[in-house]
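Open your viewer and get ready to click through a few stops. Each one gives you something to select and says what to look for there.

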Amino acid sequence: MEKLTVKQVVEANFTVSPQSPVIKPFGGSWVVADPSLLTPEMCHDNKYHMFLHTQVGVFQFVSDDGINFKKLQKVVGRAMRPNINRVGDTYYLFYERTRPLLFNALNVVKLAKWKSEIYVTESKDLLNWSKPYLVIGNTRDFECCKTGISISNPFLLQDGDINRLYYSCGMTYIEDCKFCEPTYITYAESKNITQGYVSAEAPLISPDKEKPYLNLCSGCIKVYKLSDGYIGIQNGLYEKDGKSHSAIFLMTSKDGLAFEFEKMLVEPQVVHGKDWMKQFVYASHLVRCGDELRLYFNARDKANPILGKECIGFAQAQIGE
């Protein structure tokens, strides 16, 4: 990604692949969400590895082409919103660790408070994973709200000798969905990839009633360092015509900390005759596949917490000169 310019990404036109969705809910879950990928050149087996979550934990899928995926294994329970990285010869899987499933269920009916933190597990072979351990816990007041503490959506950016973990925090209740989404986006930094992180004293991004795609809450952001700057790919939650929605848009930055809205990338829509992304387009992961960019994301067809389903698909764009 660092060989790309900001201009190349800004000028890329993403279209949703007709082969989407590529992964649908399984095993009794009605959600597959928050895809994070390693492309073949990053893996010792020269395959795509996708990490995602359902209601019961983070799972690992494998593919030869990045389109036809097969489930490999469940990596860890009490886990959501994974972020996979390779640094040297080690794979680091950061994720949001929640309380046990019973407490999560009690939180939905407001009988228990939510609590989540960022954990990491390590592997040398993408098959055997270490015992998870805490990376970022609650240290800032804005990470808390009356319904609990939420520290979620980790995304690692290595910039020089600094490791920066962007993450979401806080919770905003979305009325028509009957569940919460992240209020703020912030970050923490350390010179060690798995410990010693110090969180920023204030949010990086906050909801803004004056911004049409950010008037409910902030969702999450994935930040990439390019050859001449930074881009952030964010999904914001917003209200429009009396309904909540989520869309993916492109941000640009000179330092990876102050971001400006650049353009919309993927909005809710019925596409190729399929309604799987009709109301919400959520968290994404941008990867390069030769001369093509692929933006993998999860999407939801409707707000209803019981009838709504979340699937994973991707949009693609050719890289210009």
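A cavity here is a set of points on a 1 Å grid over the protein atoms alone where a 1.4 Å probe fits but cannot get out, and lining residues have an atom within 4 Å of a point. Points are joined across faces, edges and corners, and a volume is the space filled by probe spheres set on them. The model is predicted: local features need pLDDT of at least 70, side-chain atom pairs count only at pLDDT 80 or more, and totals for chains, interfaces and linings use all residues. Numbering starts from 1 along each chain as its sequence is written, and side-chain values use heavy atoms, with hydrogens and water left out.

**Stop one: the cavity.** Searching the whole structure turns up one cavity of 30 Å³ or more. The largest cavity holds about 40 Å³ of space. Now colour strands S6 (79-87) and S12 (151-159): each supplies at least two of the lining residues (strands are DSSP runs of E, at least two residues, numbered from the N terminus).

**Stop two: a cis bond.** Move to Ser20 and Pro21, joined by a cis peptide bond with omega about -5°. Pro21 sits in the loop between S1 (15-16) and S2 (33-38).

**Stop three: positive phi.** Select Arg78, in the loop between S5 (69-76) and S6; its phi is near 50°. Then pick Lys178, between S14 (172-174) and S15 (179-181), where phi is near 65°. Most residues other than glycine have a negative phi.

Methods:
1 Å grid on protein atoms, 1.4 Å probe; cavity = no way out; pocket = protein on both sides within 12 Å on 5 of 7 lines; lining within 4 Å. Helix = DSSP H or I, 4+ residues; strand = E, 2+ residues; numbered from the N terminus.
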